[in-house]
Amino acid sequence: MPRPLPPPESAELRELVAALSPDVRTSVVPGLVDEIVERIRAAIPAYARPPGSAYNRVIRTAVERNVLGFLDWLADPAGPLDRRDELCRKMGAFEVMEGRPLTVIQSAYRAATQVAWSRIRAMLDDRVASVLAVSALAEAVIAYMDDAAALSREGYERAKAEACDERADARLALLRALVGPPSPVGPDPAADWPLPDEVTLVALPPGTLPVCPLLDADVLLDPEDPAPCLLVPGPLTGDRRAMLQAALAGERAAVGLTVPPARAADSLRWARRLLDLSDVLHDGTLTLCEDHLMSLWLLADGALMDQITRRGLAPLAPLSERRRLPLVDTLAVWLRTRAPATRISEELGVHVQTVRYRMRVLEHLLGDELADPGTRFAVEAALRARRLRAGPAPEPAAPPAKPSAKPSALHLRAGRLQEPGAGT
């Protein structure tokens, strides 16, 4: 940064500097340094370390370098102050390492300025100095110390930016390790992110990112992933949910289950699967896995569910699609509700006699197929999966030859696929 110089017209200052005792470095500087160090230690508790400690020696070196630098600058305003400048920057960076705000070292500079000027005024009491010379010297002290403080601020801000970059890189590496292939993951001091007992993963649509300033500071994000995700420490509390909804700004997202960190990849996998289903589920902006566990399970393996569906509905294969689909819809409602024909007709929006007719057809085609609880469960699961996928049922495989239909055991009490109390 440009070196501040005394005003060109301050001839009085040059005369005053020339008149100062040549042995001021040995007669004044040591005592002045001691006084400044003691004032800083007394005024700022963070610097109050034992006088002989390494910490205190660092402070003393910085004060001494600045005092001598000021004298050098007065003697030759255009001369280099490289060593002093570098030390000031390092003192600013040191504050970042110590975790202190910038205001602490700024207070130290103010204290040093007050002590230095008080000592200078005491020295001038024994000399004849004009008001202009004293005023110019005061301006020089302020300009020099402002410059030193600015250099420390520069070092502080640079170190802060480097620390933030290092922390961001460490947190990104930690997130990728948690959601990657299974491997031991421990806390990384550089990440400044204590490993929580539980985590919740959030899947975002490809190419979208949240409004990052609205995210909580401890939420991890991988902005470079084609399918971005967030990691929220702990469960999704009400406050966390409100934070996510604000940061999403209307974008869709799916929230995985809360799991131990070692299972973070599972939570993300479930969240991404649910995100694929969000258009079908119509569950708003933020869709939670905990609200759709059965749906996730049913659609975990689409090819296998297709096979279950084909086998479960094989007796309906000879029918045309126009006849098969209404029967499948009726069977799905009956398996899900076990309701009488009147209620099924209301849900399907058809006449009750139509429902009864379909139930008689199903009884004829399925016979004893649904008497077995395992078969009944498999067919119901397949039909639910079909409804979730919102597509036509797979073409059933051709059924094997079978004898004529036996009396049905679908209705566990009456032995028929019909509403309770209906006649045979």
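Colleague: Which residue forms a salt bridge with arginine 269, and how far apart are the closest N and O atoms?

Modeller: A salt bridge is a side-chain nitrogen of Lys or Arg within 4 Å of a carboxyl oxygen of Asp or Glu. In this predicted model, arginine 269 forms one with aspartate 266, the closest N and O atoms being 3.0 Å apart. Because the two residues are 3 residues apart in helix H9 (residues 264-281), they are separated by about one helical turn; helices here are DSSP runs (H or I, at least four residues), numbered from the N terminus.

Colleague: Is aspartate 266 buried or exposed?

Modeller: Buried means under 20% relative accessible area, exposed over 50%, and partly exposed in between, with a 1.4 Å probe and protein chains only. Aspartate 266, at 14%, counts as buried, whereas arginine 269, at 48%, counts as partly exposed.

Colleague: Where do aspartate 34 and arginine 60 lie?

Modeller: These two residues form a salt bridge, with their closest N and O atoms 2.2 Å apart. Aspartate 34 lies in helix H3 (residues 29-43) and arginine 60 in helix H4 (residues 54-75), so the pair ties together parts that are 26 residues apart in sequence.

Colleague: Which residues are linked with Arg89 in a network of salt bridges?

Modeller: The network links Arg89 with Glu86, Glu154 and Arg158, and within it the side chains of arginine 89 and glutamate 154 meet at 3.0 Å, N to O.

Colleague: What should I remember about the numbering and the values?

Modeller: Residues are numbered from 1 along each chain as its sequence is written, and side-chain values use heavy atoms, leaving out hydrogens and water. Since this is a predicted model, local features need pLDDT of at least 70 and side-chain atom pairs count only at pLDDT 80 or more, while totals for chains, interfaces and linings use all residues.
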